[in-house]
Amino acid sequence: MPRTTPGPVDHVTISFAGFNRAWATWIGDRLERRGVTVVQQRWDPPAEVPLEESLRDLTLARGQVLAVLSDWYFQPAPRGHEEWNRALREVVAAAPDRFAAVCVTTSALPGAASAFGAADLTNVGAEEAERRLLARLGLPTDPLPDTAGPRKGPRYPADVPQVWGGVPRRNTRFTGRDELLTATYEALNEARPGAGVVALHGMSGVGKTQLAAEYVYRFGSEYDVVWWVSAERRSFYRQRLAELAPELGLSTGAEYGERLRAVRDALRRGEPFSHWLLVLDGADEPEHIWDLVPTGPGHVLITSRNPEWSEHNSGLVEVPVYEREESVAFIRRRAPRLTPHDSGRLAEALEDLPLLLDQTAGWLNDSEMSVEEYIGLLEGGIGQDVVKVSADFPLTFRTAWSLLLNKLWETAPEAAGLLRLCSFFAPDSIPLRLLHEVAWDTVAGLEALTDPDRLDRAVQQLLRYSVVRLETTVSSGRGPVDPSRALHLHRMIHRMMRDELPPADHAACAEAARGALAAVDRGQPSDVRMWTTYAALTPHLKWAEVLESTAPAVQDLVLDCLRYLYLSGEYGSGVRLAEPAMTSWTALLGATHPRIWDLGHHYANLLRALGDYRTSERVERAAADYLAAEHGDHDLEHLRAAGGLAADLRGLGRYDEALRLSVSIRDRYLAVLGPQDYRTLNADNNLAVSLRLLGRYGEAFERDRHTLELRRSVLGEQAPATLYSELNCAIDLRLLGHHRDAEGALERTVRRHLAALGANNPQTLRAQHNLALCRYLAGDPAAARPALARVRRDCQRLLGEHHPLTLLITASAACAERRAGDPDRALLLHERVVAGYRSMLGDAHPYTIGAVGNLGLMRWALGERDAAVDAIEQARSMMVRSTDAGHPWALGCAYNAMLVRMRTGRTGEARGLGRANGPRTTALLGADHPLAAAYRQAEDPVRAEHLDFWDFEPLIV
């Protein structure tokens with residue numbers, strides 16, 4: 001029968017251990033609803049203070065003391081049950097009216113804990129738990145009247161979060177680590193808003209993933225969302241994070257990039273959930289994924305061997321090996337037959353490394369070998385046959401593993417062979433279904449694994465020996481390779497297996513592994529529905545040594561994966577695959593093999609997408625020169641490479657050279673294929689781009705209009721290429737100064753782009769950017785400012801901060817902010833554009849020069865006149881050298897320098913610039929062009945004082 005307390009309870013002090021904070025918060029909320037004043041007090045008595053004294057200190061608080069009892073409550077400091085029983089009888093049993101308790105654990109507690117008369121809250125729902133709590137404190141248990149509607153409070157701690165995905169099963173043998181869990185909890189919860197990122201780092205095998213999983217199970221009730229992501233590879237991490245979109249109820253299409261952007265934005269805003277926990281497991285290369293770590297009101301927990309996460313705004317919690325007491329407790333759970341003494345000896349021999357303890361104790365429990373015999377074998381092997389693999393691992397690891405492997409070969413040779421082949425896939429996640437694609441009859445000794453049942457039994461034997469771990473996660477992925485059930489092979493074992501293989505076996509295993517990868521039905525890389533399959537395949541390419549194969553199917557796999565990485569926006573990962581592929585395939589096939597030109601085409605596309613035009617030019621020029629020499633300059637493969645080369649020249653700012661090549665390519669396509677072939681039309685389009693970059697806007701418009709008419713008749717109104725020509729015609733009109741005509745055309749083409757391509761397509765974003773820019777140039781910068789900011793934000797999410805299209809849109813957004821927005825924001829954006837173009841293109845490129853000039857205009861607006869004048873004059877002189885004096889960009893820079901000279905009292909110098917460049921502008925652009933009109937107005941000093949500067953505008957190359 002529950003105890004009651006005399007008189008009404010109006011003050012309660014909740015005493016809880018650190019891991020029961022969620023219970024204390026929920027209990028406090030339930031009591032405050034009843035008008036009770038609540039104080040929460042963490043129970044953490046100092047080891048040097050007698051337990052009786054710490055318990056008496058609790059009674060100094062006003063009102064009732066309510067203890068939240070669990071095994072953690074009785075764990076602080078090394079106290080045994082005997083000490084606890086003595087203190088509880090002396091303090092709690094002697095003052096029953098001051099103490100009450102609830103019990104939230106099924107673990108055994110000290111016998112004298114019955115003095116608390118605890119209400120049992122385990123295995124009951126929230127309503128029954130609240131009733132028991134209130135009854136224990138003698139408070140009314142009647143439901144409260146609903147006078148103000150439902151009040152949202154903390155979640156009942158026994159409930160699971162609303163969104164829960166990918167979390168491994170709880171390790172029932174998890175032991176100790178209380179201090180690490182506490183440190184992690186405090187680091188996350190005490191971080192300032194938006195900075196709740198903690199990395200658990202330490203050597204392989206130390207138990208970082210297990211610690212993170214235990215953290216999730218202990219504290220998961222405090223979150224609305226718990227999402228576990230394997231982060232070994234950027235591509236798979238992006239794919240897994242994108243899968244969170246439907247779980248959050250976000251309204252997105254099926255497009256991969258759109259979901260990823262929506263998830264990151266939702267987490268940043270804390271909508272629909274602000275209490276979220278994202279676990280990034282195995283993030284050993286922070287430089288590859290740190291820019292994708294979400295920010296916002298939630299928490300990010302990272303496991304990594306790499307302490308460099310501290311350089312990426314992450315707190316660090318180092319995970320060491322077990323304390324000896326933890327090792328002994330763990331071994332006894334893993335191997336019940338071992339005595340405490342034997343467990344201690346084994347822990348000492350294995351240097352308390354959790355992975356080794358798990359593997360070795362599990363094997364010893366099923367073996368007749370004694371611990372002393374085992375340790376004797378270890379000690380006997382240290383002299384010569386044990387090799388220290390790396391400074392991060394214990395010296396005894398190789399011998400310990402060799403014994404286990406020998407036992408495996410004796411008892412389960414097929415499992416040992418399977419393990420050997422597994423070392424030719426990525427160690428951290430080997431999809432089980434991928435193993436069924438292996439041609440086992442090609443691997444000596446493993447022919448029997450062709451039988452799926454034999455293969456499954458071999459997997460089970462590896463699991464039994466704790467050599468691998470089966471990871472089962474919730475996955476929404478579809479396709480032949482299901483990443484939700486995968487084997488985890490420790491990296492140390494993975495490395496040792498590969499190192500110990502004889503050359504012939506190594507070659508056979510590598511061939512079988514890459515054959516399995518190539519055999520997967522992966523579909524077309526342009527099919528977004530197959531991207532989960534590609535994300536699961538790409539981490540294994542390196543380990544299967546696919547770049548060493550001459551098999552056409554394997555090389556097709558490489559090319560398809562490169563195309564997938566390009567389409568999914570993983571340009572950096574694509575380059576890291578394509579670059580060594582170029583070296584390897586050249587050595588295997590020869591520099592002139594047709595495969596090299598296919599590979600080079602993908603490589604150059606990836607480089608160009610990153611703005612690395614110099615390297616792309618080298619690749620395309622080598623292909624174009626060779627193919628022309630071998631097959632003639634009318635060969636279609638040569639013309640494809642030459643077209644890429646022209647694009648690279650445009651990117652490098654070599655516009656005259658690009659124009660000459662563009663004209664030649666177009667003429668040759670026309671001669672070979674005729675005027676209506678899609679390749680000829682592409683060449684027409686690219687010729688117009690070259691003309692536009694040279695400032696020959698009228699000629700570009702005529703060429704684009706001609707291409708548009710043919711594309712409409714050949715490809716149809718809604719074809720992406722037709723829409724591209726339609727957009728280019730509108731851009732030409734805008735550049736010619738026909739802003740109103742351009743605005744109408746852009747409004748129409750934006751609607752067409754949205755209907756045909758969707759909102760999250762780079763071509764659609766380019767159309768929206770030009771529409772906003774047209775309105776800005778037509779004299780309404782205030783109205784254009786939010787539209788430019790929105791398009792920039794969308795482009796940044798789709799392509800990243802440093803993509804060429806993002807930089808171009810950022811340049812426009814910065815100018816709009818300068819004229820009609822926030823000066824500080826404008827300055828920041830201008831500086832980002834300058835830094836981006838300098839890094840990508842160098843100081844002498846027209847884009848960098850123009851961006852420096854725009855930054856000078858910003859300095860002028862902020863009153864920094866000396867710095868502004870220097871930047872504006874520098875842009876004028878450098879732009880003339882980079883293009884020529886008659887280019888529209890040079891004329892615009894000269895116009896800005898003229899206004900600055902005029903406003904700083906150098907009237908004569910200003911008039912000289914005006915007389916030299918005004919007529920040039922009229923001749924090039926026409927008398928009605930806004931820049932030509934501005935030059936004429938500047939001849940009147942009074943009107944010149946009120947003229948706006950000219951904004952430099954980069955163009956898509």
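Analyst: Start with strand pairing. In this predicted model, β1 and strand β3 (residues 64-69) pair in the parallel sense over 4 bridges.

User: What makes β1 and β3 a pair?

Analyst: Pairing needs at least two bridges between two strands. β1 and β3 have 4 bridges, so they count as paired. Within this pairing, S15 stands opposite A67 in β3.

User: Which strand is joined to β1 by 6 bridges?

Analyst: That is strand β2, residues 37-42, and β1 and β2 run parallel. Here I14 stands opposite Q40 in β2.

User: Why does L434 count as buried?

Analyst: Buried means under 20% relative accessible area. L434 has 0% relative accessibility, so it counts as buried. L434 is found in helix α17, residues 432-435.

User: Which residues is L434 in contact with, leaving aside neighbours within four places in sequence?

Analyst: They are F425, A516, L517, V520, L537 and H540. Contact means heavy atoms within 4.5 Å.

User: How far apart are L434 and V520 in sequence and in space?

Analyst: L434 and V520 are 86 residues apart in sequence. In space, C-alpha to C-alpha, L434 and V520 are 7.7 Å apart.

How values were computed
Residues numbered from 1 in each chain as written. Predicted model: local features only at pLDDT ≥ 70, side-chain atom pairs only at ≥ 80, totals over all residues. Heavy atoms only, no water. Helix = DSSP H or I, 4+ residues; strand = E, 2+ residues; numbered from the N terminus. Buried < 20%, exposed > 50% of the residue type's maximum accessible area, 1.4 Å probe, protein only.
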